[in-house]
Amino acid sequence: MAESLRAAIAAVGIAVGDKIMTNADFEAILDTSDEWITKRTGIKERHICTEEQSTATLAADAARKAIADAGLTPGEVDMIICATVTPEMPLPATACFIQELLGADSAACFDVGAACSGFIYALTVGATFVESGKYKNVVVIGADTLSKIADYEDRGTCVLFGDGAGAVVLQPTTDPGKGILHTVLHSKGDGWDFIHVPAGGSRTPTSEETIAQRQHYIKMRGRDVYKFAVEKMQWLLGNCMESCNMTVDDIDMVIPHQVNNRIIQSATDKFDFPIEKVYVNIDHRGNTSAASVPLALGEAWQEGKVGPGSTVMLIAFGAGLTWAGAVVKL
Ligand SMILES: CC(C)(COP(=O)(O)OP(=O)(O)OC[C@H]1O[C@@H](n2cnc3c(N)ncnc32)[C@H](O)[C@@H]1OP(=O)(O)O)[C@@H](O)C(=O)NCCC(=O)NCCS
């Protein structure tokens, strides 16, 4: 019988917008304060794009680093999957723009849209291609530039978001102690209006009226999202440990969607995760949507907090509504 294949993360690369926007910068344009933002969210600053940067440029920067770290050339990449809700253009797929920027001429390219859960959705899709034995070098990217669709007149949303990208290279392994051990994906379409951009799609195409009403920007029911987030993050932690027959002791690091310090803490406190086992970079990154989890994974790796042999748990939720988790042995 053929040995069963798993998909393993061979390398991670990250990139962020070149401009830093601090809470003081928001104090200058909105009725808000550093104290309010810090206390309610944990965010102190976030990186956002310059005019020259976009979702594809950040994604390509992150992917280039991951591909080089995996010892590959772009020409050896078989597939590029980009999770994003801020595509380069509505058409074609952002992954195609990334392919062009990388010169990854042999890659099949497509996007996945599951908002802040998008990276874990894309990771699951990419892992399935690798496990099938048909694809060997699959680049999975989470990339978003929410600064491009944030309403800088809405203090309840714009202070939360940053721009970034995180990329991993997936490769097949037969090593039983390595690879993606478990993934879980869920959605709840009747919660679409918790977080959405009303105009610019087929339901309400862009018009002078939609622009005047600022409907091309993100709208969010913050309180409702908060409650949903805590419930689903807790559920994901429980599901991931139970499915892998693991306890808190078996997990080296939880890498949660960097959404809000209080949400992360409420979720991980339920299982008494010690603080050093929960990776948080929200203070200097903000919420970077699909980039949030791979960006945190990449930073944790760079800081030596995780690395080959570590067992990490990735959990996220987002617009859709969607929620997703994964357990990975690096
Ligand atoms: C957005 C969020 C930080 C707001 O915190 P909150 O404690 O729920 O605050 P509320 O929305 O109830 O607002 C409380 C007050 O603060 C005000 N407020 C909102 N944003 C503010 C800001 N940036 N600065 C100052 N005051 C602000 C509100 O207007 C409200 O004022 P009011 O009482 O006079 O009406 C919080 O709900 C949250 O993090 N939700 C989840 C959001 C999220 O995760 N989104 C992305 C999902 S992927």
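1. D151 and R214 form a salt bridge in this predicted model, their closest N and O atoms lying 2.8 Å apart; the term denotes a side-chain nitrogen of Lys or Arg within 4 Å of a carboxyl oxygen of Asp or Glu. D151 lies in the loop between β6 (138-145) and β7 (163-173), and R214 in the loop between α6 (208-212) and β10 (219-220), so the pair ties together parts that are 63 residues apart in sequence. Helices (H or I, at least four residues) and strands (E, at least two) are DSSP runs, numbered from the N terminus.

2. D151 is buried at 6% relative accessible area, whereas R214 is partly exposed at 26%. Buried means under 20% relative accessible area, exposed over 50%, and partly exposed in between (1.4 Å probe, protein chains only). Salt bridges with shared partners join D151, E153 and R214 into one network.

3. A salt bridge also links the side chains of D193 and R221, at 3.0 Å from N to O. D193 lies in the loop between β8 (179-187) and β9 (195-196), and R221 in the loop between β10 and α7 (222-243), so the pair connects parts 28 residues apart in sequence. D193 is partly exposed, at 26%, and R221 is partly exposed, at 32%.

4. R285 and E299 meet through their side chains in a salt bridge of 2.4 Å, N to O. R285 belongs to helix α9 (residues 282-285) and E299 to helix α10 (residues 292-302), so the pair ties together parts 14 residues apart in sequence. Both R285 and E299 are buried.

5. The count of salt bridges comes to eleven.

6. Residues are numbered from 1 along each chain as its sequence is written, and side-chain values use heavy atoms, leaving out hydrogens and water. As the model is predicted, local features need pLDDT of at least 70 and side-chain atom pairs count only at pLDDT 80 or more, while totals for chains, interfaces and linings use all residues.
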